[in-house]
Amino acid sequence: MRKLTIDKTTTYQKIDNFGASACWWIDPAFAAMPIEKMERIAELLFNRETGAGLSCIRFNIGGGSTWYDKEYIENWMMRSPCFQIGPKAPYDWSQHAGQQWLLKRAFEMGVEDKIAFVNSPPAWMCENGHTRGDETTGTTNLKHGQEMSFAQFLADVLKHFEEIGLPFDYLSPINEPQVPWDTAKQEGCRYSNEDTVRTVLSIKKVLDERDVKARLLINECNNILALVDLDFVLPYADTLIEGGIERGWQFGGKYCENIKDVFNLSAIRQAVAPIIAAHSYGTDVPGTMAAVRNMVKETMQRYPGYKYWMSEYCVLGDYGPKRDLGMDAGLYIAKVIHADLAYLDASAWQWWLSTSGGDYKDGLVYIDLDEAGTAGEVYASKMLWALGHYARFLRPGSMRFALDGSDLEEGLLVTAWLDADGREVAVIVNTQEEDEEIQLDGAVRQWTVCRTSALEDMADCGLANDRYTVPARSISTLCAKA
């Protein structure tokens, strides 16, 4: 029997949200599917009793690749429309009808945080006239001198949503700035550290002038090593990530040491929300997950004043089925969630696609939908329920306790919490092929048990005392009995 000791005198981060984006598939799904199936998607994502209970939705503003980039972006579902087709065109607020519907449902269902994000500026603001960079576009694809136009465009969009009663809490104007985007087949725009500072300060100036309420969220780097001071990471780079530090300097600019060069500037501190947002891609390699996150944490301690959000992740590996609705994928992402919460003190954890029709491990909910608009069924994945074991029970304001006895990256992965209602909660991920009995010390004596396994989807499993047998290959959330 394993003893797990909860120390309620030592506390860590408070949770802000758990979420996912409405990018790519929600718009065509809304056009093709009966409203009953859209309601099913909304319920699976946001319902706090029967769904995952997400507390955040991310809305893709889009750069216009639907019109500009059929050759640059070959896959139809990776293109996105935009609310404005050209620099002098009137705004078309009928675009993104599916995302707008889901955003409204999120408001109605009490979802706490709403984030508008941009993968690329509108195509006509870009150096190459496309929503994807290439080798000719310098340090960034956003035309120099277009920063204020980009800012005005974003302010127009956010003011519109404020006026129709669907205001955003955050605006994320830059996505994965370290990626060159010269070969990637989706919307994307690189920004050097200098480009990031110039663009963010321009946007902040316009948002203030227009009295936009949303706060700025930056910089959504694609790999958290871009945040780290080089003296921490260089001695270990080749063993932590294949190829070492990728894209640190290229295209005439610097793309690494983001915290020191961007977040620590006094002007940026005044302009943005006190949040460092980044993605966990490339940091899910077994044996390195804790070490990489500890480097980020140590760097953040050098430049205090920010909390950390993991703002995008999906499974990029090629193991098993590509569209994986089963427990392998559920346990895989549970390990990443645990690492981000337990070792990097993440206050938020946000998945990439809330809904996917592709043959890949990028969705929480899956749909059958083709380019011709032929629609089929809606499926819940174990990845949805894995995230739900945190999202449904750890509402905004929940706080993490110290805990002794958990394994590091594989085996029995345990975090302990005080939820927003003052109840003690423990989330237990068992990646092993065998059951394991535990004893919870320093906590309450009776718990309600919710469990996901190969045969269960967040099932109510009754009561447990301070001893509980954790089934093999399962995820359990234990809540103090009222």
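A close look

Author: Setting aside the neighbours within four places in sequence, L142 touches P121, M125, E127, E147, F150, C189, Y191 and T199, where contact means heavy atoms within 4.5 Å. This is a predicted model, in which local features need pLDDT of at least 70 and side-chain atom pairs count only at pLDDT 80 or more, while totals for chains, interfaces and linings use all residues. Residues are numbered from 1 along each chain as its sequence is written, and side-chain values use heavy atoms, leaving out hydrogens and water.

L142 lies in the loop that connects β4 (113-117) to α5 (147-163); helices (H or I, at least four residues) and strands (E, at least two) are DSSP runs numbered from the N terminus. With a relative accessible area of 1%, L142 is buried (buried is under 20%, exposed over 50%, partly exposed in between, with a 1.4 Å probe and protein chains only). Between the C-alpha atoms of L142 and D345, which are 203 residues apart along the chain, the separation is 33 Å.

The view can now move to a helix and its partners. Helix α12, residues 327-343, and helix α13, residues 382-391, have axes that come within 7 Å and cross at roughly 30°, so α12 is roughly parallel to α13. Axes here are lines fitted to C-alpha atoms, for helices over the stretch in contact, with angles from 0 to 180 degrees between N-to-C directions; under 35 degrees is roughly parallel, over 145 roughly antiparallel, 65 to 115 roughly perpendicular and the rest oblique. On the α12 side of this pair, the residues that meet α13 are M327, A329, G330, I333, A334, I337, H338 and L341, and their partners in α13 are K382, M383, A386, L387 and Y390.

Another partner of α12 is helix α11, residues 289-302, which packs with α12 at an angle of about 35°, the two axes being 9 Å apart. In this pairing, α11 contributes M289, A290, R293, N294 and K297, which meet K335, V336, A339, D340 and Y343 in α12.

Finally, there is the nonpolar core, a set of buried Ala, Val, Leu, Ile, Met, Phe, Trp, Tyr and Cys residues joined through side-chain atoms within 4.5 Å. The largest one holds 135 residues, and I61, L171, L227, Y308, Y313 and W351 have the most contacts inside it. Helix α12 gives the most to this core, with twelve residues.
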